[in-house]
Amino acid sequence: MVKLELFEVDHWILTHTTNIKHNLAHSYCLPISINTLGLQFQDAHASSDPVSSVLSTPMDYGSSMRGSEELRAKIAHMYPDNSSGHLSPENVLTTPGASLANFLVIFALLGPGDHAIVQYPTYQQLYSLPRSVGAEVSLWKAKENNGWKLDTHELKSLIRPNTKMIVLNTPQNPTGAVIPKTTLEEIIKIAREHSISILSDEIYRPLFHSISPTDPDFPPSILSFGYENAIATSSLSKVYSLAGLRVGWIASNSSSIIDLCINARSYALISVSHIDEYVASFALGPACVDNLLERNTTLVKRNLALVESFIEEHSSICEWVKPAGAPIGFVKFTRSGEPVDDFELCRSLLDRKGLLLVPGSKCFGDGKHFRGHVRIGFGGDTAELRAGLKALGEAIKDNYSALSPLLSE
Ligand SMILES: Cc1ncc(COP(=O)(O)O)c(C=O)c1O
């Protein structure tokens with residue numbers, strides 16, 4: 001039987017749903033309704049009702065094993081290609097969310113006897129699932145004291161004869177760090193030399209709030225380097241504000257990887273709901289998508305400034321590596337220089353102030369790493385974030401030592 005480890009971050013959030021007054025545990029941009037999407041963000045030429053034309057569509061499985069053609073064409077357009085302009089829609093598969101996209105890639109490409117190298121810290125699915133399908137996993141640890149940078153010499157040293165996959169996540173959950181373009185180039189060079197596939201979970205693209213597209217290290221998608229065995233996954237959940245729609249995708253330069261994923265897709269889902277795909281296609285329509293991204297980038301930049309000034313004001317007890325992308329950051333809380341018990345800190349904040357945050361060592365560090373760290377989501381409503389930070393500041397002022405025991409106490 002496949003052994004699945006407890007999915008800590010979801011378990012933490014879904015088992016702490018009562019007494020919440022301020023929810024800063026989420027990792028997406030302020031969710032949007034389909035009505036608002038249709039009325040405020042529509043393509044000037046589109047109908048104002050995003051669901052009307054799908055109502056008369058026969059509810060069959062669809063005519064493609066890859067998903068809606070219209071949606072795949074829009075997704076393919078996001079991936080510029082050096083030679084032919086854009087990725088072909090044939091190289092895209094739709095899925096219910098990035099969770100299923102990652103699941104299918106790992107399920108299709110890894111198994112017992114294989115080895116995967118996974119960037120760390122990251123979203124738990126990306127290392128627990130390879131272990132569950134029987135692969136060995138090495139964690140490639142980013143250095144917090146070096147801006148969460150990854151060392152490619154270390155990557156080389158982790159490679160084994162049976163290494164089949166390198167797993168990346170950029171912008172990254174929980175730190176919001178991005179892998180610079182030069183590092184991506186080095187990773188691809190190493191992967192190419194050993195014919196290793198690269199799975200890059202790019203769910204937080206293209207929300208880059210603190211690195212300019214003119215920066216030489218601004219990271220393109222993993223698919224834009226022309227490496228055949230690269231795979232990108234993503235969805236509309238985070239930066240497109242549509243988590244409840246459950247639409248994501250797998251995109252790859254390799255038609256043989258796509259074929260393996262099509263086969264896995266048949267086992268796991270057959271097709272994605274036509275209604276979901278239709279609304280997703282509406283949201284990714286040219287004018288709609290630009291408006292949505294502009295709304296979210298403005299929101300996240302404004303909110304980031306609030307979190308930054310909170311951290312500056314409380315610099316004697318907390319610090320972070322400022323994220324470059326994504327509406328999340330990983331804040332380290334200390335007392336007299338020692339990391340606090342982040343699990344107890346999060347529990348007390350919920351009990352005393354109704355403030356929900358994510359304890360880093362529990363949800364991202366197997367209880368061993370990232371002690372004192374807390375993930376904060378700042379993609380939500382600005383007034384709610386302001387109220388949440390106020391509650392946090394008050395709790396700290398009331399009695400920080402009672403709120404945040406040190407681990408040895
Ligand atoms: C890095 C990463 N990948 C995938 C997912 C899953 O997203 P979804 O299935 O909603 O698209 C998440 C959700 O938090 C995530 O942070």
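User: Which strands does helix H5 (residues 125–132) lie across, and at what angle does it run to E6?
Analyst: H5 lies across strand E5 (115–120), E6, E7 and E8. Its direction makes about 160° with that of E6. Axes are lines fitted to C-alpha atoms, for helices over the stretch in contact, and angles run from 0 to 180 degrees between N-to-C directions. Helices (H or I, at least four residues) and strands (E, at least two) are DSSP runs, numbered from the N terminus.

User: What does the model rest on?
Analyst: This is a predicted model: local features need pLDDT of at least 70, side-chain atom pairs count only at pLDDT 80 or more, and totals for chains, interfaces and linings use all residues. Residues are numbered from 1 along each chain as its sequence is written, and side-chain values use heavy atoms, with hydrogens and water left out.

User: What is the order of the seven strands in the open sheet?
Analyst: The order is E4-E10-E9-E8-E7-E5-E6, with mixed pairing.

User: Why are E4 and E6 called edge strands?
Analyst: Strand E4 (92–95) and strand E6 (136–141) each pair on one side only. Neighbouring strands of this sheet are turned by 20° against each other on average, direction ignored.

User: How do you know that E9 and E10 pair?
Analyst: Pairing takes at least two bridges found by DSSP between two strands. Five bridges join E9 (residues 230–235) to E10 (residues 248–252), so they pair. They run antiparallel.

User: Why is His22 called buried?
Analyst: Buried means under 20% relative accessible area, exposed over 50%, partly exposed in between (1.4 Å probe, protein chains only). His22 has 15% relative accessibility, so it counts as buried. It belongs to strand E1 (residues 22–23). Leaving out residues up to four places away in sequence, His22 touches Lys353, Gly354, Leu355, Leu356, Ala387, Gly388 and Ala391.

User: Where is the kink in H13 centred?
Analyst: The kink is centred on Lys397 and is about 70°. The bend at a residue is the angle between axes fitted to the seven residues ending there and the seven starting there. Buried residues of H13 include Leu389, Leu392 and Ile396.

User: What makes E12 (residues 328–335) mostly covered?
Analyst: Seven of its eight residues are buried.

User: How many bridges join E12 to E13 (residues 338–339)?
Analyst: Two bridges join them, and they run antiparallel. Arg335 has Glu338 as its bridge partner. E12 and E13 form a hairpin with two residues between them. In the turn, Ser336 has a positive phi of about 50°.

Notes:
Contact = heavy atoms within 4.5 Å.
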